[in-house]
Amino acid sequence: MAFADLLDALGGVGRFQLVYTALLLLPCSLLACHNFLQNFTAAVPRHHCQGPTNHTAAATNDSGAWLRATIPLDQLGAPEPCRRFMEPQWGLLNPNTSIHGAPTEGCKDGWVYDRSVFPSTIVMEWDLVCEARTLRDLAQSIYMAGVLVGAAVFGSLADRLGRKAPLVWSYLQLAVSGSATAYFSSFTAYCIFRFLMGMTFSGIILNSLSLVVEWMPTRGRTVAGVLLGFSFTLGQLILAGVAYLIRPWRWLQFAVSIPFLIFFLYSWWLPESSRWLLLHGKAQLAVQNLRKVATMNGRKEEGERLTQKVVNSYIQSEFTSVRSSNSVLDLFRTPAICKVTCCLMVVWFSNSMAYYGLAMDLQKFGLSIYVVQVLFAVIDIPAMLVATATMIYVGRRATVASFLILAGLMVIANVFVPEDMQTLRTAQAALGKGCLASSFICVYLFTGELYPTEIRQMGMGFASVNARLGGLVAPLITAVGEFSAVLPPVCFGATPILAGLAVCFLAETRDAPLVETIVAMERRVKEGLPRKEAREKKEDISLQQLGASPLIETI
């Protein structure tokens with residue numbers, strides 16, 4: 001807590017923290033656009049087979065009569081999207097005539113698409129329908145694979161090069177790869193650049209969150225974390241508006257990518273985390289950044305009195321306890337840590353899989369995709385407010401478990417709602433998605449409180465990897481829905497319920513002091529720590545931290 005006290009002495013949550021947080025969260029909101037972009041760029045319009053080329057009238061005339069003679073009808077009376085008659089059935093032009101058993105074939109000459117809502121999508125451009133329909137979901141899985149790889153690559157670079165350098169590079173990479181996605185006319189190139197875009201998601205989110213938290217005093221961190229969740233909600237609303245105004249997929253892709261070039265330019269002004277600089281022996285640059293912060297917060301005199309000796313003595317006790325020899329095996333080394341890790345693996349994987357399973361398949365609800373996108377974004381606001389209140393007054397475990405189980409029940413309940421009741425189906429799915437978004441925000445905090453300090457960052461990274469795996473699997477499960485319509489909602493509903501039950505095996509962390517070491521955590525589990533004692537211990541620690549403040553005494 002020593003560095004947090006230093007920030008309090010230099011203005012606390014001042015002008016610098018507000019501007020810094022805003023400049024970092026703005027790109028995060030537009031980053032949400034890329035997560036859900038394929039809802040619009042890969043939308044599947046109504047389509048049917050192109051007429052035979054040796055029948056020019058049937059091939060060029062899309063009137064209902066000619067269509068009836070060349071395309072069979074499905075069970076709902078709509079033109080079959082993937083079959084056509086081998087020979088035009090002219091007798092069907094008579095409304096009182098029906099023909100059974102006429103031979104059909106696949107769409108050998110291509111498809112005719114309804115362009116009334118979407119002038120162009122990747123589905124239209126590369127005919128990702130019928131036998132090739134799974135390629136659409138594969139493209140989204142490739143994007144999520146990029147997110148997974150980016151978490152490992154940029155997470156490692158952030159520890160070696162600092163938070164700022166990977167963040168600046170991620171902005172540039174997203175601007176370039178996003179624009180390239182809109183430029184090249186190959187589906188293979190599209191998937192490659194989407195993979196590169198997915199990598200930047202992790203680079204931007206992880207480093208933005210680290211910079212916000214490491215420059216924010218303790219009392220402002222909870223609000224900053226909640227604002228990150230709301231920035232994603234804002235991004236989903238922005239996507240609905242931009243996609244409504246810009247319908248061609250290439251221009252839409254370009255419109256949500258080019259702003260990151262602006263973020264790249266102003267990100268050079270953002271100072272590196274002084275925590276990281278001090279930890280890596282760059283005290284002089286850390287002091288320079290701290291003086292700039294003090295000046296911007298109206299504490300110029302306090303900043304001028306800062307020296308490397310004062311800062312080093314101030315944070316020496318905090319950084320001398322940092323271990324650098326931890327490995328991922330420490331997450332399974334002892335029974336208590338192993339139980340926490342295994343439960344959180346289930347929670348993060350299930351939460352992510354169900355979340356993206358619902359949010360990435362909006363066309364199935366039969367309503368305007370733009371309205372559903374707005375509804376799915378707006379529902380997050382009250383859900384996250386409720387989650388924040390229950391975390392504070394009820395507890396983390398009950399909040400996460402309740403939201404996960406409620407989300408799973410909402411998704412499974414939709415299986416029993418008739419297809420023609422689309423409004424009810426959409427409302428239930430929106431509530432489920434809101435619960436999943438809220439549990440996501442809660443489980444970030446809960447995970448950080450469950451792991452001891454010496455392996456907390458590693459535990460958060462490992463949990464994030466499981467979330468990315470869930471996001472990668474979600475489109476594949478959606479693709480299986482082509483063969484079994486019941487399987488996706490059952491999977492997306494059962495896994496959150498299972499995760500909610502797994503949460504019940506975790507310890508409650510509300511009003512409990514953070515554990516510093518694995519040994520201390522094992523001792524707490526074996527001996528137990530009464531709630532009253534935990535509160536008293538937390539108060540004692542806070543008083544001791546406030547009492548020992550070398551910087552305040554020096555100034």
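**Salt bridges and ring pairs in a predicted model**

Glu125 is partly exposed, at 33% relative accessible area.

How many salt bridges are there? The count is 7.

Next, Arg84 and Asp109. Their side chains meet in a salt bridge at 2.7 Å, N to O. Arg84 sits in strand β2, and Asp109 in the loop between β3 and β4. Is Arg84 buried or exposed? Arg84 is buried, at 3%. Asp109 is partly exposed, at 32%. Both belong to a salt-bridge network that also includes Glu105 and Lys108.

One more. Asp114 pairs with Arg46, with the closest N and O atoms 2.6 Å apart. These two are 68 residues apart, each in a loop. Arg46 is exposed, at 65%, while Asp114 is partly exposed, at 23%.

Now the rings. The whole structure holds 24 aromatic pairs. Take Phe332 and Phe462. Their centres are 5.8 Å apart and their planes stand at 90°, so this pair is edge-to-face. Phe332 lies in the loop between α16 and α17 and Phe462 in helix α22, so the pair ties together parts 130 residues apart in sequence. Phe332 is partly exposed, at 34%. Phe462 is partly exposed too, at 22%.

There is also a cluster. Phe36, Trp348, Tyr355, Tyr356 and Phe440 make it up.

Last, charges over rings. Arg194 has its charged end over Tyr143, 4.3 Å from the ring centre. Arg247 lies over the face of Tyr244, at 4.7 Å.

Terms used
Residues are numbered from 1 along each chain as its sequence is written. This is a predicted model: local features need pLDDT of at least 70, side-chain atom pairs count only at pLDDT 80 or more; totals for chains, interfaces and linings use all residues. Side-chain values use heavy atoms; hydrogens and water are left out. Rings of Phe, Tyr and Trp (its six-membered ring) pair if their centres lie within 6.5 Å; planes under 30 degrees apart count as stacked, over 60 as edge-to-face and the rest as tilted. Helices (H or I, at least four residues) and strands (E, at least two) are DSSP runs, numbered from the N terminus. Buried means under 20% relative accessible area, exposed over 50%, partly exposed in between (1.4 Å probe, protein chains only). A charge sits over a ring if NZ of Lys or CZ of Arg is within 6 Å of the ring centre and within 35 degrees of the ring normal. A salt bridge is a side-chain nitrogen of Lys or Arg within 4 Å of a carboxyl oxygen of Asp or Glu.
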